[in-house]
Amino acid sequence: GNSVTQMEGPVTLSEEAFLTINCTYTATGYPSLFWYVQYPGEGLQLLLKATKADDKGSNKGFEATYRKETTSFHLEKGSVQVSDSAVYFCALNEGRGSGSEKLVFGKGTKLTVNP
Amino acid sequence: DAGVTQSPTHLIKTRGQQVTLRCSPKSGHDTVSWYQQALGQGPQFIFQYYEEEERQRGNFPDRFSGHQFPNYSSELNVNALLLGDSALYLCASSGMGPLIEQFFGPGTRLTVL
């Protein structure tokens, strides 16, 4: 079945440091890929998405590129802020009509940014 | 535009009891999915409802059941609660279009004692 593997945390960085959170996936079809963020005590918010190979999703300074050849969707940000402290989840689904429209999540990576 | 709403926010039950959680989807959305998020883990898919029918189900026992109403809102019912059912239960809604972008509610925190 489909699965997502992401970098184990926690990750602790200083403000303005560069962030990379690795994510790789296994899927039988051509999934859409997502990064969700969860702030303490809250639900999930969609951070960015990509629907096909070589697509780059971006939002709030975060970026991720859909790499079909390496089945990866790594999250990056050039300069993190304290307000970026949260848990980040990589996820996939196979799209409408695929017969499998659920989201499959990784285990999450907790990021703490210190001032 | 109201997003996805869930009730209650928190709930405490004892083993063996039954619980009902509620979800109202984002305006314009017709599909509701439920996820269970155990502490420190990623969300796990429970099931999805569309047109008042269960369209897809994850690897959860029959103690977990659901319902979707004509206004697209949904309920998640869990019978014979176990300690291991303690988790954050998330509802997500999605609409039409080729990309299934799911919008999540804030969740219901269930504690089973």
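Predicted model: local features only at pLDDT ≥ 70, side-chain atom pairs only at ≥ 80, totals over all residues.
These are brief review notes on the two chains, their interface and a few side-chain pairings.

1. The values below are computed from it.

2. **Chain A, secondary structure.** Chain A has 0 helices and 12 strands.

3. **Chain A, dimensions.** The C-alpha atoms of chain A occupy a box of roughly 45 × 30 × 20 Å along the principal axes. The radius of gyration is 14 Å. A compact globule of 115 residues would come near 13 Å, so the value for chain A agrees with that expectation.

4. **Chain A, burial and contact range.** Of the 115 residues in chain A, 47% are buried. Take the contacts in chain A with a separation of 6 or more: 57% of them join residues 24 or more positions apart.

5. **Chain B, secondary structure.** The pattern along its sequence reads β-β-β-β-β-β-β-β-β-β-β.

6. **Chain B, dimensions.** The C-alpha trace of chain B spans about 40 × 25 × 25 Å along its principal axes. Its radius of gyration is 13 Å. For 113 residues, a compact globule would be near 13 Å, so chain B agrees with the rule.

7. **Chain B, burial and contact range.** Buried residues account for 50% of the 113 in chain B. Among contacts in chain B with a separation of 6 or more, 52% come from residues 24 or more positions apart.

8. **Interface, extent.** The area buried between chain A and chain B is about 1800 Å². Carbon and sulfur atoms supply 52% of that area.

9. **Interface, polar pairing.** Between chain A and chain B there are 3 residue pairs in polar contact, with both residues at pLDDT 80 or more. Salt bridges across this interface number 0.

10. **B:Gln102, position and burial.** B:Gln102 lies in the loop between β9 (87–94) and β10 (103–104) of chain B. Is B:Gln102 buried or exposed? Its relative accessible area is 1%, so B:Gln102 counts as buried, the cut-off being under 20%.

11. **B:Gln102, partners.** The side chain of B:Gln102 makes a polar contact with the side chain of B:Tyr35, at 2.9 Å. Neighbours within four places in sequence aside, B:Gln102 touches residues of both chains. From chain A these are A:Tyr36, A:Glu101 and A:Leu103. From chain B they are B:Ser33, B:Tyr35, B:Gln48, B:Ala92, B:Ser93 and B:Ser94.

12. **Salt bridges, overall.** Over all chains the count is 6 salt bridges. Side chains of opposite charge can pair when their charged atoms come close.

13. **A:Asp55 and A:Lys52.** These two side chains meet in a salt bridge, 3.3 Å from N to O. A:Lys52 has a relative accessible area of 51%. The cut-off for exposed is over 50%, so A:Lys52 is exposed.

14. **A:Lys56 and A:Glu63.** A:Lys56 forms a salt bridge with A:Glu63, and the closest N and O atoms are 3.7 Å apart. A:Lys56 is exposed, at 52% relative accessible area. A:Glu63 is partly exposed, at 34%.

15. **B:Arg63 and B:Asp85.** The side chains of B:Arg63 and B:Asp85 form a salt bridge, 2.9 Å from N to O. This pair links distant parts of the chain, 22 residues apart. B:Arg63 sits in the loop between β6 (53–57) and β7 (64–68) of chain B. B:Asp85 sits in the loop between β8 (74–78) and β9 of chain B. With 4% relative accessibility, B:Asp85 counts as buried.

Terms used: Residues numbered from 1 in each chain as written. Chains lettered and ligands numbered in written order. Heavy atoms only, no water. Helix = DSSP H or I, 4+ residues; strand = E, 2+ residues; numbered from the N terminus. Buried < 20%, exposed > 50% of the residue type's maximum accessible area, 1.4 Å probe, protein only. Polar contact = N/O pair within 3.5 Å; in protein donor to acceptor, adjacent residues only side chain to side chain. Contact = heavy atoms within 4.5 Å. Salt bridge = Lys/Arg side-chain N within 4 Å of Asp/Glu carboxyl O. Buried area = accessible area lost by both parts, 1.4 Å probe. Rg over C-alpha atoms; globule rule 2.2 N^0.38 Å.
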